[in-house]
Amino acid sequence: MYRNINKSAITMLGIESSCDDTAAAVVRYEPNNEPLILSNEVSGQNELHQNFGGIVPEIAARAHVEKLDLVTKSALEHSLLTLSDIDAISVTSGPGLIGGVLSGLMFAKGLAVGANLPLVSVNHLAGHALTPRLTDNMNFPYLMLLISGGHCQFLVVKNAEEFVRLGGTIDDAPGEAFDKIAKLLDLKQPGGPSIEKEAKLGNPLAFSLPRPLIDRPDCDLSFSGLKTAVLRLKEKMEFDGQPLSTISRRDLCASFQRAISDVLLKKTEIAFHSFVKHTGSKAKSFSIAGGVAANLEIRSKLENLCKSQKVIFNAPPLNLCTDNAAIIAWAGIELYKLGKIADMSVGARPRWPLDQISSPMLGSGKKGAKA
Ligand code: KG4
Ligand code: ZN
């Protein structure tokens, strides 16, 4: 539904519950000023899922139901505002684990009706993709790489509603691969930081691991074969019942991290070319988001590539790269400015590709196939 909005400043309450973080935030936009994150509350569920080796959707949904009102109350309190100061409520209505998305959407609808506020329906991936505009006032169009436990895609962000997916994973997301390899090597979850720590002490050239799809001239990626290759190497080294030595484990971590960073580097180079094809001009800036963007080897490789290509490298602060509600509030502000208000019939969507034109990716990611 489109409505004419004639207001200059916007105070948005954002709500996020698409995976294992229950989050609420208040963000204020004023024309000609930097946006202000007045509060950003995130309640994680790591301890609820840690014995299951992954996120259990039913447990996640129940925990969201228990936490949504508490995090929202706390977000309002920390912003020093009340519901009467809020102009609209934006909520993630997909893609993600359906139970969690439904919990957040129902909660937001109830709040919107009760407080007589407009509701804005936000695609979770748009929240990530629009973050550089919240943090760095990035101009459209820009190139974006989302890399996390649930996402992996290159996007041309044309405007708040138009995204072109240049490519993405055809199986696991990179964070998922880090987590699975960490589990295989008996390292702590989440796997990314644990592997990065071990990798620092290992030799990245010790093992020759595959770089899946690296020779294909497109932006698609694959990480499941790499995972299997690490498993086979580990099995080979343990064949006579000997546990993996500390040195071998560190070398495996370093070699695995090197393989992932090599692939991401090469595919980003291709994405720069692909960006030109889609927009007719060279990318001025490149932004990364998602938990895996915290990895220093990956980050520095991509940053150096940008330097050599004279492209601005942008990485929002980590708390805004990972799942949170400030990015949902911000995406909501962008849509609200365009007059995009949802009606109460808006539904929860387990899958919701950002790019409405390209055919859907089959890739899964720990949050399930989504884009
Ligand atoms: O964005 P995020 O918090 O949640 C979603 O998956 O949406 O990302 C979490 C993922 C996990 O898979 C975690 O292992 C990975 O990001 N991660 C890292 C690092 N820190 C977090 N991967 C590689 N290196 C890191 N330093
Ligand atoms: Zn996310």
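Start by selecting Ile15 and Val91: Ile15 stands opposite Val91, which sits in strand S4. Strands here are DSSP runs of E with at least two residues, helices are runs of H or I with at least four, and both are numbered from the N terminus. You're looking at a predicted model, where local features need pLDDT of at least 70, side-chain atom pairs count only at pLDDT 80 or more, and totals for chains, interfaces and linings use all residues. Residues are numbered from 1 along each chain as its sequence is written, and side-chain values use heavy atoms, leaving out hydrogens and water.

Now show S4 (residues 88-94) with S1: the two run parallel, joined by 4 bridges. Pairing takes at least two DSSP bridges between two strands.

Is S1 itself buried or exposed? 7 of the 7 residues in S1 (residues 10-16) are buried, so the rest of the structure largely encloses it. (Buried is under 20% relative accessible area, exposed over 50%, partly exposed in between, using a 1.4 Å probe and protein chains only.)

Hop over to the loop between H5 (131-136) and S6 (142-147), where you'll find Pro141. The Phe140 to Pro141 peptide bond is cis, with omega near -10 degrees. Asn137 is in that loop between H5 and S6 too, with a positive phi near 50 degrees; it counts as exposed because its relative accessibility is 61%.

Key: Chains lettered and ligands numbered in written order.
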